[in-house]
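Biologist: I would like to learn how to read a model like this one. Please take me through it feature by feature.

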Amino acid sequence: MIIIACIDDHNGMMFHKRRQSQDRLLREDMLRQCAGKKLYMNAYSHSLFLKDASLTREAPTEIIAAEDFFLLAGEEDFCFLETMNGFLAAAEATPSLLEQVQGVILYRWNRTYPADTYFSFDLAEDRWILTKQKEFAGSSHERITRETYQRKKGSLS
Amino acid sequence: MKRNKKFWSALLLLLCCLAFAIYTRLMPEDAKAPTGANDTPFSDETGQTGKNEDADSLNRPGGASTLPNQTNASSLSLEDIPAYTGEPYVILQDNLPAFTEEDLTEASFEIYNDLDHLGRCTSAYANVGIDLMPTEKRGSISQVKPTGWQSTTYDIVDGKYLYNRCHLIGYQLSGENANERNLITGTRYLNIEGMLPFENMVADYVKETENHVLYRVTPIFEENNLVASGVQIEAYSVEDKGEGICFHVFAYNVQPGITIDYSTGRSSLTQTKDSDSEQTIEGEIRGNSRSKIYHCPGQAAYEDMAESKNLVIFETEQDAIDAGYRRAHK
């Protein structure tokens, strides 16, 4: 599976159970990355995409909302994580879950927001390689950076 | 007879005027109709004419009686606030701001309350909407000298200057320039680490959704100090009833490594005591320049970091914090 997350300058994801930020053009970009594949997320995240029905028509992506979505995703599917809590708890119970993560797409806001939930997935260089990096302007953010990481062959988390 | 009737009518009118004058003079300030700068968001005296002159009559059901209650909503004393422990802000009252249902309005406004008898800022309150946000770069604010203002520099402070003129309602939210009722003497740390993240979050939310956010900042002073101990920040998104933005925090007006005399604003480098050095963690602090996270000896990823090409070494945790890093959770 490939996990997708949005983070601030300090790897923050959420504050007080709310996402730090959102951006319509970022979602559009995310859907393009997942085009033709399944994109899993929880109901809280799904509510964002319900606003963007026109976007899903342009870049057809099957969005599936479920609370334990990372357990359902197949090898080539994408999982949009707005918090790591459920994922890490599931990984403790099923350690092979971490090994199933073959790619990571990080969207950086290039801003500092308040945070109490952080992206703690370890992208150490000996196991992960940054394969792509792209900057673009969002609908309300001047500069968003998309980073694509791929697991190095033969490496495990 | 006719002349008599005129006399009694005039006397009655005079008595009515006299009674009204006495009534308005004796009535408590907070019960008066919202005609003063403190009560109405759209007063000329706030310097904010023209932005939302119609809003008072558009979306404020009930008119003046629904004006937010400034004095009761955010009463807080320093005794309610935990001491600074290294984090730039602390959550208050489960992160729930003290706004009421009556405060919710879809009309933008901004209120900058009067300075107190010592010339200190009291509070600023806005309903931030896209129409309130600036369309041009900020102008000069250097002519304002908030209470306790000192122009002091230190090498250990980012940008050298210990103090910034801190906007209570940030410029990016309300476009307010040199308003003495909106500027306090705040450390660089308060401005950048304590307040800016919250302003960023609110500004980006409003820009993206075009919703409104009730946003109130109250500086808290200890007794007659001229420099605030910190600021209380409350925010709540209106249209989605707090689903997007909801917080209530206190940001500390401190600067790591600097000791501040809050009564005057004077400052000095903090003296390191021998006992402090005894408590210092043995071994270097290893930071990751990519994640901006640092690891202390004994932490989970500490040994792995030794080989990282993103390794940055700090002598102390404070050095890492000052460089914008945060401690790893494990």
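Modeller: Start with contacts: two residues are in contact if their C-beta atoms, placed from the backbone, lie within 7 Å. In chain A, residues 24 or more positions apart account for 76% of the contacts with a separation of 6 or more. In chain B, 69% of the contacts between residues at least 6 apart in sequence join residues at least 24 apart.

Biologist: What should I know about the model and its numbering?

Modeller: This is a predicted model, where local features need pLDDT of at least 70, side-chain atom pairs count only at pLDDT 80 or more, and totals for chains, interfaces and linings use all residues. Residues are numbered from 1 along each chain as its sequence is written, while chains are lettered from A and ligands numbered from 1 in the order in which they are written.

Biologist: How many helices and strands does chain A have?

Modeller: Helices (H or I, at least four residues) and strands (E, at least two) are DSSP runs, numbered from the N terminus. Chain A has 6 helices and 10 strands. Chain B has 8 helices and 14 strands.

Biologist: Which residues have the most contacts inside the largest nonpolar core?

Modeller: A nonpolar core is a set of buried Ala, Val, Leu, Ile, Met, Phe, Trp, Tyr and Cys residues joined through C-beta atoms within 7 Å. The largest has 89 residues, and Ile4(A), Cys79(A), Val202(B), Val213(B) and Ala235(B) have the most contacts inside it. Helix α5 (residues 188-209) of chain B gives the most to this core, with 10 residues. A second, separate core has 7 residues, including Ile285(B) and Ile321(B).

Biologist: What does Val213(B) contact?

Modeller: Leave aside neighbours within four places in sequence. The contacts of Val213(B) then include Val128(B), Val202(B), Ala235(B) and Ile245(B).

Biologist: How do I read strand pairing?

Modeller: Two strands pair if DSSP finds at least two bridges between them. Take β7 (residues 230-237) of chain B. It joins β6 (residues 213-220) of chain B by 8 antiparallel bridges, with Val217(B) partnered by Ile233(B). 7 bridges join β7(B) to β8(B), also in the antiparallel sense. There, Val231(B) has Ala251(B) as its bridge partner.

Biologist: Which way do the side chains of β7(B) point?

Modeller: In a regular strand the side chains alternate between the two faces of the sheet. Gly230(B), Gln232(B), Glu234(B) and Tyr236(B) point one way, Val231(B), Ile233(B), Ala235(B) and Ser237(B) the other, and all are buried. With 8 of its 8 residues buried, β7(B) is largely enclosed by the rest of the structure.

Biologist: Is Phe247(B) buried or exposed?

Modeller: Phe247(B) has 22 C-beta neighbours inside 10 Å, so it counts as buried. It sits in strand β8 (residues 246-252) of chain B. Beyond four places in sequence, Phe247(B) touches Phe15(A), His16(A), Asn95(B), Phe198(B) and Ala235(B).

Biologist: How many residues does each chain bring to the contact between them?

Modeller: Chain A brings 20 residues and chain B 20 residues. Sort them by class: Ala, Val, Leu, Ile, Met, Phe, Trp, Tyr, Cys and Pro count as nonpolar, Asp, Glu, Lys and Arg as charged, and the others, Gly among them, as polar. The chain A side has 4 nonpolar, 11 polar and 5 charged residues.

Note on methods:
Buried ≥ 20, exposed ≤ 12 C-beta atoms within 10 Å, placed from the backbone.
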